[in-house]
Amino acid sequence: QAAAPLHPVTVQCQEALVVVTVHRDLFGTGRLVRAGDLTLGLAACLPVAQNAAESTVTFVAGLHECGSTLQTTPDSLIYKTSLFYKPTPSGNPVIVRTNAAVVPIECHYPRKSNVSSKAVWPTWAPFHSTLSAEEKMMFSLRLMNDDWSTERLSNGFQLGESLHLQADVASGGHVPLRLFVDDCVATLSPDRNSSPRYALIDLNGCLVDGRSDDTTSAFISPRPRQETLQFMVDAFKFVADDRNLIYITCHLKVSPADQAPNPLNKACSFNRASSLWVSLEGTGDICSCCETGNCLSYG
C-alpha cells in the first residue's frame, strides 16, 4: 500500500567522494529491507548513516575505495562500483522473502581542461578564458601491456614483474611539444604527501628508482613520438605493510619540441653497467644533477 519511492537509490558524485543514499523500500513494495543487508562495492563497505524517519541509509566512500574500478576514455574518467543487496534469513532460517539485487553505480568526470606552463606561454590573453578545443592539452598516464600495444586490463602485479607506464599528451593545435615526467611518488593512499611514500622519479625527470640495487627501472628509448614517454618500474611493496593497493601519482609537463632538453626538462635513467646517468635525449651532462641532487639550481 505504500507508495513506491521514485528513486530508491540516489548518487552524488563529488570531487573525491561518492555519496549513495538508499531508500529501504528498495523494491517499492512497502516492505523495508534491512540496512545490514546493504553493502557498497566488492569490498562490502557498510553504510555510514541511517535516517529512521525517512527510512534511508547512506554510504560515503572515496572514489578509489570499496573496490571500485576506474575506466579511462578519451573524454572521461569513469569510476564504477555497485550497491549490493543480499537478504539474510529473518525469523525462519530456511527461507527469505526478497531477491538479491545489484545496482551498478558510475561517476563520470571530464578529462579535458585548460592548462599551461612557463614553457608554453600562449600568445593570447587570458588563456583560461579561451574555450576553443584547439588550445586544450589532455594528459594521461596508463598501465600498458608488455609490448606497449594496448592498455593493460588488470592493475594487479606479482613481485618480480615490471610495470609498463606510458605518459601521453594530446596537444591540439599547439606547436609541437615534448612530454616529460617531472616526478612520480608511490603512496598507500591517494594523498601524494602521505607517509610512507617512495619516489620513483624525482629531481625533474631522474628515474631514481633505477638507482636502487637489483632494479631494471628505466625510461624506454627511443620515444614512439615526442608527445609520449614510456618507462618501466619493477613491482614493489612497502616494508611491514600488508596492503596490496599502491597509488602512483605523477606530475607531467611539456616543453616545445624544438627546445633542447636541459636539467629541468629531461628523462634520465641510471645505467648500472657504466654506473652513469644516461639521458633519453640531449647531452649526458643534463643528468649530472640526478647524482648531486641540485637540479633546481639550474632554474
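Visitor: What should I know about the numbers first?
Guide: Residues are numbered from 1 along each chain as its sequence is written, and side-chain values use heavy atoms, with hydrogens and water left out. As the model is predicted, local features need pLDDT of at least 70 and side-chain atom pairs pLDDT 80 or more, while totals for chains, interfaces and linings use all residues.

Visitor: OK, how many cavities of 30 Å³ or more are there?
Guide: The search of the whole structure turns up 1. A cavity here is a set of points on a 1 Å grid over the protein atoms alone where a 1.4 Å probe fits but cannot get out.

Visitor: How much space lies in the largest cavity?
Guide: About 70 Å³, taken as the space filled by probe spheres set on the points.

Visitor: Which residues lie nearest its centre?
Guide: Val-18, Gly-62, Leu-63, Ser-68 and Thr-81, out of 13 lining residues; lining means having an atom within 4 Å of a point.

Visitor: And which strand gives the most to that lining?
Guide: β7, with 3 residues; strands are DSSP runs (E, at least two residues).

Visitor: Switching topic: which residues touch the most other members in the largest nonpolar core?
Guide: Among them are Leu-179, Phe-219 and Phe-231, in a core of 23 residues. Such a core joins buried nonpolar residues (under 20% relative accessible area, 1.4 Å probe) through side-chain atoms within 4.5 Å.

Visitor: What other core lies apart from it?
Guide: One of 20 residues, including Leu-26 and Leu-83.

Note on methods. On a 1 Å grid over the protein atoms alone, a cavity is a set of points where a 1.4 Å probe fits but cannot get out, and a pocket is an open set with protein on both sides within 12 Å along at least five of seven lines; lining residues have an atom within 4 Å of a point. Helices (H or I, at least four residues) and strands (E, at least two) are DSSP runs, numbered from the N terminus. Buried means under 20% relative accessible area, exposed over 50%, partly exposed in between (1.4 Å probe, protein chains only).
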